[in-house]
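Subject: Handover of a structure and the findings

Dear colleague,

Please find the structure below for your records.

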Amino acid sequence: MTQVTSTARKFDRLLVANRGEIALRVIRACHKLGISTIAVYSDVDRNALHVRYADEAYYIGPPPARESYLNIDKLIGIAKKAKAEAIHPGYGFLAERAEFAQACEEADLVFVGPTAESIRVMGDKLEARQKVQSAGVPVVPGTEPGLNDDDLIAIAPEIGFPLLVKAAAGGGGKGMRPVSEPAGLPDALVSARREAEAAFGNGTIYMEKMIAESRHIEIQVLGDIFGNYIHLGERECSLQRRHQKVIEESPSFVVDQELRQRMGDVAIAAAQSVNYINAGTIEFLVDREKNFFFLEMNTRVQVEHPVTELVTGVDIVQEQLRIARGRKLRYKQDDIQLRGWAIECRINAEDPYNDYLPSTGTITTIRLPTGPGVRVDSGVYPGYEVTPYYDPLISKLICYGETRGEAVLRMRRALEEYRIMGVKTNIPFHQHMMDSHRFLTGQFDTMFVEKRFSMSERKTPYALEAAILATLTAHRQGQEASQMVAPGARDTSNWKWLSRWERLQR
Ligand code: MV4
């Protein structure tokens, strides 16, 4: 791939190469800056909010992403036809595909993000590890590139067990194999390589010492084309399931001002090592002794960016656009102070009482919580169909408070206010978490949700009583207890037979 310098320059027309809540988030930032927006939509998204909110919208193809939102040639073609000058990729889809950033550069379109070269280097987890390590960033003890299986087996005792076999092209936990003792290593190497080859077409693997009982804490960074960098503090992202985050917060319970400054400096050094431009996130593992280690870099705006926005007051998507327009960062590090606490719950269409089985269907009714300290980023509306084509995120519920306690109280209230019918959601999971002793006292790590948290565990007599009540009420109404929003909630079971007016009254 040829080295391409940044194409940052002023633009007034932007194509949003995404859908759902993040497409709306980008469109809103564009409106604020006076940038005209162009949406693209697949067959199932004809009536989507991003289509209605954008200034113009173009049909891109059938629902499967590879035929629509992942089709680079179609996107570039539409951008040119619509006279767009820039493209924002959002997250997911093409956001971290170097060839997409490259295609934009070659089509003389400003890619709102880093250069194709930065994406490529950080996309190879082994290369990224090497790169940041030479910049003085602490990485987990592990192996160098270019080793065969015999080398890896020979060097393993030096690293120590348990260790992790990881795929260079992986990330997000794909192609990862834990190995607890030497005897298990040969098979793990073979199967990890086979899986990586099949999944990514790249069988390169490496090993790292396993950092047990660690937290996943990430630092948001911003860099402009003039080489200025700032960090916006940390996000605590340990609460996840199968490598999908479900709750994020900022700040983190375990990060004090001194640690924040050290992690922030290191994150900036990691970004600088690839001349990173625009918004990016450095992921760290933090162990019990508060040692921290670089894991990987996300070269995009992230789902959980709002928690950082709420505690720093920085509009991250607006900054992305300003940076891409060739402007200088408008904040110095000293301007950035964390104030208060923000928590995000990802509301997914899934059944927390049935192994988080995805729930598809039409959202017939939705009433979103509002009020002090409540922000909802959502792309859905009454009549929206949750399909298997796209991710199950219905909305992000983000609550802010002066203290963590206030943020939790507001989250509880907001979860209670939330009404949705037609699909099952993980709202009961979040309500249960907001009552969990370990969550409330900040005693959790990356294994907590999967290993120590159970939806069937009832802690307080009140919760037990509420569960029994919900079950009885639901039984009477022929509903699933899991989908009762709250015991004693008004009867919402017969919505189909209610007039539109009556539904609006609820
Ligand atoms: C690790 C680790 C422990 N030690 N690396 C999972 C996703 C990918 N980004 C890296 N991951 C991990 N790498 C070492 N050396 C534990 C994990 C891990 C994890 C990390 C962050 C959030 C959730 C996780 C769940 C399981 C494992």
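Is Cys-345 buried or exposed? Cys-345 is buried, because its relative accessible area is 0%; here buried means under 20% relative accessible area, exposed means over 50%, and partly exposed lies in between, with a 1.4 Å probe and protein chains only.

Please note that this is a predicted model, in which local features need pLDDT of at least 70 and side-chain atom pairs count only at pLDDT 80 or more, while totals for chains, interfaces and linings use all residues. Residues are numbered from 1 along each chain as its sequence is written, and side-chain values use heavy atoms, with hydrogens and water left out.

The cysteines may be taken next. The structure holds zero disulfides, a disulfide being a pair of cysteine sulfur atoms within 2.5 Å. For Cys-345, the nearest cysteine sulfur is that of Cys-399, 7.3 Å away. Cys-399 is likewise in no disulfide, and it counts as buried because its relative accessibility is 0%.

As to the chain as a whole, its secondary structure comes to 17 helices and 22 strands. These are DSSP runs numbered from the N terminus: helices are H or I with at least four residues, and strands are E with at least two. Of the 506 residues in the protein chain, 55% are buried. The chain exposes about 21900 Å², of which carbon and sulfur atoms supply 50%; the areas come from the Shrake-Rupley method with a 1.4 Å probe, and for residues only the protein chains shown count as cover.

S4 (residues 86-88) runs parallel to S5 and is joined to it by two bridges; Ile-87 has Phe-111 of S5 as its bridge partner.

Finally, Thr-446 is found in the loop between helix H14 (437-440) and helix H15 (448-452). Thr-446 counts as buried because its relative accessibility is 14%. Leaving aside residues up to four places away in sequence, Thr-446 touches Ser-214, Arg-215, His-216, Ser-238 and Gln-240.

Yours sincerely

Note on methods:
Contact means heavy atoms within 4.5 Å. Two strands pair if DSSP finds at least two bridges between them.
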